[in-house]
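Try each task before reading its solution.

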Amino acid sequence: QPRVFVNNILHVNYLSTRFQLSVESASCYTVVVIITDYNITSEKMVHTKPKIPGSNIEFHRAGGKFVTYRTAIFLVIMFLSILVVVFFLGRFSLAELYKLADDASVLLQLVDPFHYSLLIKPILDNTNITSERFTFSGQVDILIRIEEDTKEIQLNSRRLNILTDRTMLRRVTDPEERPHFENMMEADLLQNIELWKSVTENVVSIRHQEILIANEKFTIYTIDPLLAGSVHLLSIHFKGKIDEEAIGLYRTKYIDGDNKLRWIINTKFEPNNARQMFPCFDEIDHKALFSITVYQPKGYRAFSNMAIKSKYMDEDSDAEVIEFNTTPRLPTYLIAVILTENFLSHSSQDKQNIWVRSNLSPETTEITHIIPRLFSYFRVLFSDNLPLDEIDFVGIPDASARGMESFGMITMEENNFLYNPLKYSIKQFETMTLSVGFLIAQQWFSNMITPRSWSLFWLREAFAKYFSYMGLKEISKLDYFSSSFLVNELRDVMYADSMSDSEPLFQISLKTPKHIRLFNQKIVRKKGGCLIRMLEHFIGSINFRHALKEYIKKWYLKSISSVDVWDSFDDSINNLKMYHFNVSVKQVMQSWTRNKGYPLVSIQINRKAGIAKFKQEPFSLSKEDREGIWYIPISYTTQEENNFNSTKPRFWLTSQSPVTVSLNKNNSLSTWIMANIDQTGYYRVNYDIATWDVLLSHLHGNYYSIPEKSRYQLLDDAFALAYAGYIQYSIPLGLAALCAQNENHILLWEGTLRQLTFMKGIFPDEHSKEIFRQFILKLLKRIAHYLNYENRGGDKSDREYFKYIVNKESCRYDHEGCVQWANAHFNGSIDNEETNTEKVLGDLKGVLYSVVARQDKYEDWLHFFDKIKDPKVDPIEKIYLAQGLASTNNITAIDYMLSYISYTDDSAVHKTTKVEIWIQLAQHLQNLDTFLVMIRKYWEPTYLKLQNHADLLHKFVDNIGLYLGTKKHLKSVYELRNYHFSICSPEDKMLFNHLITEIEFKISLQESHLQQILGCFNNYLRGSIEY
């Protein structure tokens, strides 16, 4: 078979001939042809390079020699054939090529697994004379059901040494006996597996076995056909390595509080990495029961999905053999195995166990109270039918993902388990509760009900994302947390969804979640939660909660599509007969998931006639032409009604034709209307210019007559509309000025400051940057005096987080009061630092370190650097230290620090801390061109550390993009992408494309709007801004 190679290997089927191909770029392909089964090498061999892994291909260099006519004609034919193939491939987009490539590695749907009996035996020390340290051996017995007559069984396998001489296939039942087999009880099943393995008469003859490394397939071919409906037992023995690469079964090292190097053996199987620990049917639609047994080495503790069933000592290995209970039917990516040493637990009354390394145990007291409360709350909302005896929460010192919601076992970065109200601020409480709430909710929406394909990744995220905020609100009882969803989720995704790289949720086709990075992750991960929030508001909370329970009951332990979800909701609310609109949930939700982006609702008021016209159109910040019609729930109130309590839609906007509603005919020029109450609908609202003027004038005289969420919505919509050119910047900046003059609530201030942070990157020179700085400082002047810099330990109030939000910005721009406060607490002395800073709580400590570091006292900076390397310092404190380290203006110190974190291992300074340093550098480094030079210098070692930590990599790229926005920045990012193109995976290259899209948009703002923005700033600084 002819094979084509360029860099990374992909697989494309075309005209029944398999080619292996790698794409150099979306518009240019470089092709090397090697005929693997035809010898064209010279007799004069002078050098041979090693074979490409997983192939029989060698590269040879030979002396000059004429070839035969036969060989020359053959090469010409092959060259022309490759041109045809390249022309064919060039007609596809990059995403389409990846889809074609993956089709070659999809398993044939001829066999379905029913039960895995899995044994894993790790070697974690040097005492074993027959096996290398950090390796493992294993055996898996898989009961498989034959769906179609076949002589071929395909499984997935990656980097495993399969002992093919020990592979056995046994017939368990004939087709007519299958119903009896499937009704067999679990205990009988496990007993019979051992019985079936001992019977020799039922052994099926294997013709041969094939391992395709490139396709990650292990195929068994039988002599006689396996009949449809029959059940067989497949036994495979294998060996593998426990690498530090964070996929499959891997190891993580850390320095404990006693300065001892320790290891955690962990698993990361999502999306398709279980194949790296055992041969399996590693696709989302193959669900089976799992009975897992793990050899537990001395000094370690083993965890898996279920509670321990039994344990006994193995005298040969001096290890304890741990047998776990059998799981319900699960896909392979939800299976987990962990081995830890020196971990302590806190257990709740409901057998919810929290495990962290011993020196952090005192900081986990708070979460032991939060987890049971979240479980209780979710069980009331969803159902009480989780088939779990207990659940383990394990804090990983340097986790490869934000968290893994494996069935019965949740792993998270250990930072997210820590909260001490005497040390940390309310922001850490929010982060911790949201993180654990999201993963607990996934036990229902990802584990009990699984998607049929990875294209529904957004749907499983949607419910869990929304309910994590519901859980936070229930646990905290703070007003701010009832609205933080607007700032943290809705604002972010609406900006991403209005850019040119937006995609409809329904069309985001993911063969596996690794392809999520071909699309904008904010849309995939956040948009669904916003749509679920909108769904609850337009059908009503009572209907929503009833339908939710019915949905979970109907699809419990099954696989679903998005249509199944919406149909289930329609059936439930139709039975209640409490929903009075002539549109179905399915109609509404499909319009939002199948259209790109979201709509803009424009409202024109005719005050003389007493009417308002509502019209929809697609909204875009990128000036592209978009199409789409949405079913839009329209809620609104007027000046006369002044009813902001009901978010129920008053009518539906379902076409491009305008809808006219009657207002009270009082002929008042001050009449106003506000739509999309509490921003519950996923759309923007624009008003005619007269109505904008009336709204600003009304706020100027009666600021608090409009509720906080609605004030925030006006601000958020106004900035987006100004960016898109619908209104002048005097409107959003006028709202910001009103906020500065009147606002004493956190939501509006956080919204205003995030909008201004978004604008930060567009200022091209020192003069415009200074105007921007003066504008920020004047905005903050009143509120900075209103809030002081002191914290009250244990105070979980909105005010404490409010204080952090405001003071962080005022200190970033060297507000005089902030500098005085920082110097008073730090006192410029390393010796006094421990005593003075203990009065500063949580996030404000990071602000304190930042101000001190900017004064360029190198001995203080070195003190911070020594502390961040100290394993005894807790990981939250290291996040605060990162803010200080990144705030210095000493380029030599920054280069030294980046060299250290890029080329040293992660045992003392974890990857999460290293990423935080980069993010803080982007925020604080005055010269962003220098920052980009540093990225280019250290990108390769940084990327190699993060390439298997998708969440951290996304956080890294996404956050640095907040502060870039000039042509010079764009050129540097292009150079960075092209310079390091060869080392990045195809998915990670797309992260740069998202970053480039955002920078190009900010450049367009600079070219079109900069002078208008600076004019508004100058007017405000002169005290003459118009509302």
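**Exercise 1.** In this predicted model, find which strands pair with β30, and in which sense, parallel or antiparallel.

*Solution.* Begin with strand β37 (residues 684-687): β30 pairs with β37 in the parallel sense, over four bridges. Within this pairing, S602 has N686 as its bridge partner. Next, take strand β31 (residues 611-619), which pairs with β30 in the antiparallel sense over nine bridges. Here N606 is bridged to I611. Finally, look at the hairpin of β30 and β31: four residues lie between the strands, and G610 has a positive phi near 70°.

**Exercise 2.** Classify S304 and S662 as buried or exposed, then list their contacts.

*Solution.* Start with S304, in strand β18 (residues 301-304). Its relative accessibility is 2%, so S304 counts as buried. Leaving aside neighbours within four places in sequence, S304 is in contact with I292, F324, A336, V337 and M409.

Now turn to S662, in strand β35 (residues 659-662). With a relative accessible area of 62%, S662 is exposed. Not counting residues up to four places away in sequence, S662 touches G610 and I611. As for A612, it is 50 residues from S662 in sequence, with 6.5 Å from C-alpha to C-alpha.

Technical notes. Residues numbered from 1 in each chain as written. Predicted model: local features only at pLDDT ≥ 70, side-chain atom pairs only at ≥ 80, totals over all residues. Heavy atoms only, no water. Helix = DSSP H or I, 4+ residues; strand = E, 2+ residues; numbered from the N terminus. Buried < 20%, exposed > 50% of the residue type's maximum accessible area, 1.4 Å probe, protein only. Contact = heavy atoms within 4.5 Å. Pairing = 2+ DSSP bridges.
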